[in-house]
Amino acid sequence: TLTFRDFTFIDLGSGKGRALLMASDYPFRRILGVELLPSLHQIAQDNLRQYKSESQKCFALESICADATTFPLPADPLVIFLFNPFPESGMWQVVANLDQSLREHPRPVFVLYHNPLLEHTLGESARLRKIAGAPQYSIFTNL
């Protein structure tokens, strides 16, 4: 079973931060959002600052304004969330970045891909395998 406290949740292409707030209902070690557009990043920061929920279990939330396709992934065990955020070229970059990160820092990783239109890019990863899915999502891991 997944021990949430061991994992960092990271949303690549996090937009206004909705998935970050939803993830905070789980006791992750920390939660990161990476968003390229400064306007969406600013809204996400405002949303994170104002958010209050009785069900919140993780309070270490951060939104970073950066290119998610080349973002240096934390060396922690990761849950990576993707809501179909990139064109195919961006997805290939994310897969290459993740494979490189796993070579340098072997650790458990789960990729939750919502609306997986470019699922084949994750399927080409040397380190990931699909463990679950439906038309709306796919889950990959290196375990």
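**Exercise 1.** Decide how the radius of gyration of the chain in this predicted model compares with that of a compact globule.

*Solution.* Start from the length, which is 143 residues. For the extents, take the principal axes: the C-alpha trace spans about 40 × 35 × 30 Å along them.

**Exercise 2.** State what share of the residues is buried, and describe the accessible surface of the chain.

*Solution.* A residue counts as buried under 20% relative accessible area. By that cut-off, 45% of the 143 residues are buried. The accessible surface comes to about 7,500 Å². Carbon and sulfur atoms account for 55% of that surface.

**Exercise 3.** List the secondary structure elements in order, and find what share of the contacts joins residues at least 24 apart in sequence.

*Solution.* The chain holds 4 helices and 7 strands. Read from the N terminus, their order is β-α-β-α-β-β-α-β-α-β-β. Next, take the contacts between residues at least 6 apart in sequence; 65% of these join residues at least 24 apart.

**Exercise 4.** Examine helix α3: its span, its buried residues and the elements they pack against.

*Solution.* Helix α3 covers residues 88-104. Its 17 residues reach 24 Å from the first C-alpha to the last, close to the 24 Å expected at 1.5 Å a residue. The buried residues are Gly90, Met91, Val94, Val95, Asn97, Leu98, Asp99, Ser101 and Leu102. To read such a list, recall the helical repeat. An α-helix has 3.6 residues a turn, so residues three or four places apart point the same way. The buried residues of α3 pack against the strands β1 (8-12), β4 (78-83) and β5 (109-114), and against helix α4.

**Exercise 5.** Is Ser101 buried or exposed, and which residues beyond its sequence neighbours does Ser101 contact?

*Solution.* Ser101 lies in α3. Its relative accessible area is 6%, and therefore Ser101 is buried. With neighbours within four places in sequence left aside, Ser101 is in contact with Leu73 and Arg107.

**Exercise 6.** Locate Thr121 and describe its surroundings.

*Solution.* Thr121 sits in helix α4, residues 119-123. Thr121 counts as buried because its relative accessibility is 0%. The side chain of Thr121 reaches the backbone oxygen of Leu118 at 2.6 Å. Beyond neighbours within four places in sequence, Thr121 is in contact with Glu88, Met91, Trp92 and Val95.

Technical notes:
Residues are numbered from 1 along each chain as its sequence is written. This is a predicted model: local features need pLDDT of at least 70, side-chain atom pairs count only at pLDDT 80 or more; totals for chains, interfaces and linings use all residues. Side-chain values use heavy atoms; hydrogens and water are left out. Helices (H or I, at least four residues) and strands (E, at least two) are DSSP runs, numbered from the N terminus. Buried means under 20% relative accessible area, exposed over 50%, partly exposed in between (1.4 Å probe, protein chains only). A polar contact is a pair of N or O atoms within 3.5 Å; within protein, one must be able to donate a hydrogen and the other to accept it, and residues adjacent in sequence count only if both atoms are side-chain atoms. Contact means heavy atoms within 4.5 Å. The expected span of a helix is 1.5 Å times one less than its number of residues. The radius of gyration is taken over C-alpha atoms; the globule rule is 2.2 Å times the number of residues to the power 0.38. Accessible areas come from the Shrake-Rupley method with a 1.4 Å probe; for residues, only the protein chains shown count as cover.
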